[in-house]
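The paragraphs below are meant to be read with the structure in view.

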Amino acid sequence: MTKPSPSPILPLEVTDLTVAYHEKPVLWDVDCAIDEGTLLAIVGPNGAGKSTFIKACLGLIPTAAGRVKVFGKTYAVQRKRVGYVPQRESVDWDFPTHALDVVTMGRYGHLGWFMRPGKTDRDMAMDALEKVGMAEFARRQISQLSGGQQQRVFLARALVQDADLYFMDEPFSGVDAATERSIIQLLQELRSKGKTVIVVHHDLQTLKEYFDWCMLLNVRRIALGPVDEVLTKENLHRAYGGRSAFLRS
Amino acid sequence: MIFDIILIACIVAAACSMPGVFLVLRRLSLQSDAISHSVLFGIVISFFLVKNFHSPLLMIGAAATGVLTVMLSEVLLKTKLVKEDASIGLVFPALFSIGVILISKYAGDIHLDTDAVLTGEIALAPFDRFVVRGVDLGPRSAWSMGLIAGVNFLFLLGFFKELKLSTFDAGLAASLGFRPHLLHYGLMIMVSITAVGAFDSVGSILVVALMIVPAATAYLLTDSLAVMIALSIGVGVVSAATGVIVAFSLDTSISGTMAVVCGLFFAVALFFSPRYGMVSKMIVARDRKWVFACYTLGVHLLHHEGTPEEEQESHVRHLQDDLKWAPKYAKKVVASGIRNGLLLKTGNHLRLTPLGKETVRSLMNRG
Amino acid sequence: MIDFDYTLTTVVLGGALVGLLSGVFGVYALLRKQSLLGDTIAHAALPGIALVFLILRVKHPLALTLGAMVAGWLGTMTIPAVVNRSRIKPDTIMAVVLAVFFGLGLTLLSVIQKLPTANQAGLTKFLYGNASTMLRQDVHVMAAFTIISVCAVLLFWKEFKIATFDADYARSLGLPVRWLDMVLLSLIVVAITVGLQTVGVVLMSAMLVAPAAAARQWTNRMEIMALLSALFGMGASISGALLSSSITNLPTGPSTVCIITLFFLISILFAPNRGLLWQWIRRRSRHGEITQARLLEELYWLEQNHEPRSHYHEVRSLQAVNHERIDRYLDTLVRQGWIERSGAGGIRLTSVGLRQVETTHAEMEGKELL
């Protein structure tokens, strides 16, 4: 799986990706190729470059070297086939808007300049809210939602993008157990529809239960493959150093 | 007379730059703007009470207003109805406005005009002499600002290590029992008193120039706190003196010119400071960029060494196709790698030298 | 005194335009946590005004506004340029730009004041603002800028909104966020420069922050917030301008700021839902509800553990609450029919009260299951 065979068009193909902040490497020469219909977790210690990897794939940060291909072309071209869930902490939840409005933002990429979201867009947003079990909170000011509910709103916003490839940055952070279960159910549903979902995750305990593929990252790519094959003692030691013993128990 | 003005200007600058250093280091620079505006409210109210511009009560009242500003902003912030920037931006304009309205309505009673509030009247300061038993001891504001400068200096000296610790690590300072909040208010009182004292000479907005600009200049030149304080006093004094001389020769506003001179010194430091200047930073960054690009290439080569696709991955063309490097850029990186003995090129294939391998390995272990 | 036909309409129109613009763009400044940037921009505009006058020697409103705009924009762009390329922090460079640009402005003004021929009298109005010296041609220039800016906001409403709320996400959708930020910042510069003549350099930042901060308290929708903010801004700006034109020696800027600060205070105190009064009432009633729920719960457990079930309990045996105020809460519960008192001062749950407790239990279990 290190090098893809040239025939099928893969949802995500990253070659030799290097990212640096002020000449300090955050990601070094990362390769990966993800098949369609994969539910992939990116795991690694803090500062391993997990979020950076996603952001680099989405073209949000400059890369020092490397190439990202989404369904065989650059991200800029395939943008409408990609959905994104940023970290929940990345926005000010006191912003004056309600849940439905945030979800409608997911349609902005399809709308184009000067166009206002219309009834169809709002209906789609409502459907997405329904799907994440948040329909009754559609008109609720976003600061009055719990952490789990805010995360669901973000998820609904990505769903409304109607993408084939999703990037999600820590969608389980700060959510309650019930939300976590319903989110993972949703992700598995997406996968069964042939969508590809890439999730930054930090809980090794639930990894096997939730995901089928996993990329272990610590500045460099330590391993990529089915969860069972990746979670070896040696790999974990390489990713987490001395802390892995504690994490394995 | 120009010597008196230069003397006063230098003392004001020295007094201002001491609290300025901590405002800059604690990222509170804009508090100086807030406090220097709101003390006007305190000055006017206290003046109505004591009817005397030289009363120490005036100083105390005005300083209390400075602290009041900080407290009101904190109260607003605690309601969680506004964010920090707005909490500052709402309080001082209101207090300043009341001050200006009072001055313009009771202009006959208060010997201040609304323009002087902004610019100060340092040119008039030498006429107000400090006379004890018939002996002329020099301009009164030189003495009063000298006193404030002295108090500031003693405050710095007395609480140097506490200020240093709470500035660089507020958490640690608190755990050691230094009560950073109290020091914070101490600093704010110091800023307020200095702002009130300097008000006559330079006005409310140019106090900001004398507090922040020399300290920011010093911040570009050194990493040591003691040196930074000394440098900022030095830069402040030199800019003030130069400003007065330039203003006299061009016949321009003294305080305005002082601020411009401060700005020029800052600009020079910003561009040409040996370590933190933009020019030297740019040179370092450019060098580092090539070295880093070399390492990136090295990591890539090492990564694929001995794997079946090595043949393909080490090809020069690969740098353009997969690393997405422009041909020219790639060529330069390869050349610099070869020059530094990290790379070997045979035909169109690149290989790491033993030195290259070792360098890259040690780098990766660090990362 | 006011000439009602000309001066008054000019002042009202000018005030309305200033209030409208600063109200709308203040919303962006506030939501982007850039309130203090307005202060820097306003101060930085002064040398632009002075320089244009020094060159042209006449008070041409369009030229002066453009000069202010260029200087304000230069000052603003200095901030990221310095922060990204040096160790200087944003607050420091904002203070430096503010003070040095303003110093330069004052220096240039002092040069202008010494010009023998110049008609410089009206320039100091840019410091504190003076609505009564406004001319119809000033209003025309302000109106032109207002129309352009408001059109831009209406056209790019959704783009500006998403770039303000979630810049990374907006970029992932392919929006040119850097460009949008730049346009928005330039529009804020325009709003500030337009206000300089009536509100003045020194206090313009308050006109940007206060209407938006007041409007935020009344609504949770950005659209309504912008409308309200514009209304507040216009209200304060017009009344400030009228006040200062009818009372001698009252500068426009400070009176406008006092009025808008009053609006803000009223808003944070009395706005429904967010306001402090509302919060206080809600806290009190929530405290009451919690206490009542705890009382019911405790009675329930007392009855579960004692035979016979319908036994009256002494008020003293309740421990969940402060006994001094217990009567008030018990009275409420009696009124609701959840508990009843015996003649001897004992209390017990009614059957309705019992059902209430059991419903609560069932609800809590349901939540856990979810």
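Between chain A and chain C an area of about 2,900 Å² is buried, and carbon and sulfur atoms give 61% of it, where buried area is the accessible area (1.4 Å probe) that two parts lose on being put together, summed over both. Of the area that chain A buries against chain C, 24% is supplied by Phe95(A), Pro96(A) and Trp113(A), more than by any other three residues. This contact, a word that here means heavy atoms within 4.5 Å, takes 35 residues from chain A and 28 residues from chain C.

The model is a predicted one, in which local features need pLDDT of at least 70 and side-chain atom pairs count only at pLDDT 80 or more, while totals for chains, interfaces and linings use all residues. Residues are numbered from 1 along each chain as its sequence is written, chains are lettered from A and ligands numbered from 1 in the order in which they are written, and side-chain values use heavy atoms, with hydrogens and water left out.

The contact draws 58 residues from chain B and 57 residues from chain C.

Taken as a whole, chain B has 16 helices and four strands, these being DSSP runs numbered from the N terminus (helices H or I, at least four residues; strands E, at least two). Its C-alpha atoms fill a box of roughly 95 × 50 × 40 Å along the principal axes. The radius of gyration of chain B is 29 Å, whereas a compact globule of 367 residues would have one near 21 Å, by a rule of 2.2 Å times the number of residues to the power 0.38, with the radius taken over C-alpha atoms. Of the 367 residues in chain B, 56% are buried, that is, under 20% relative accessible area (1.4 Å probe, protein chains only).

Leaving aside neighbours within four places in sequence, Gly147(A) is in contact with Arg88(A), Gly174(A) and Val175(A). The C-alpha atoms of Gly147(A) and Glu89(A) are separated by 9.8 Å, although these residues are 58 residues apart along the chain.

Key: Buried means under 20% relative accessible area, exposed over 50%, partly exposed in between (1.4 Å probe, protein chains only).
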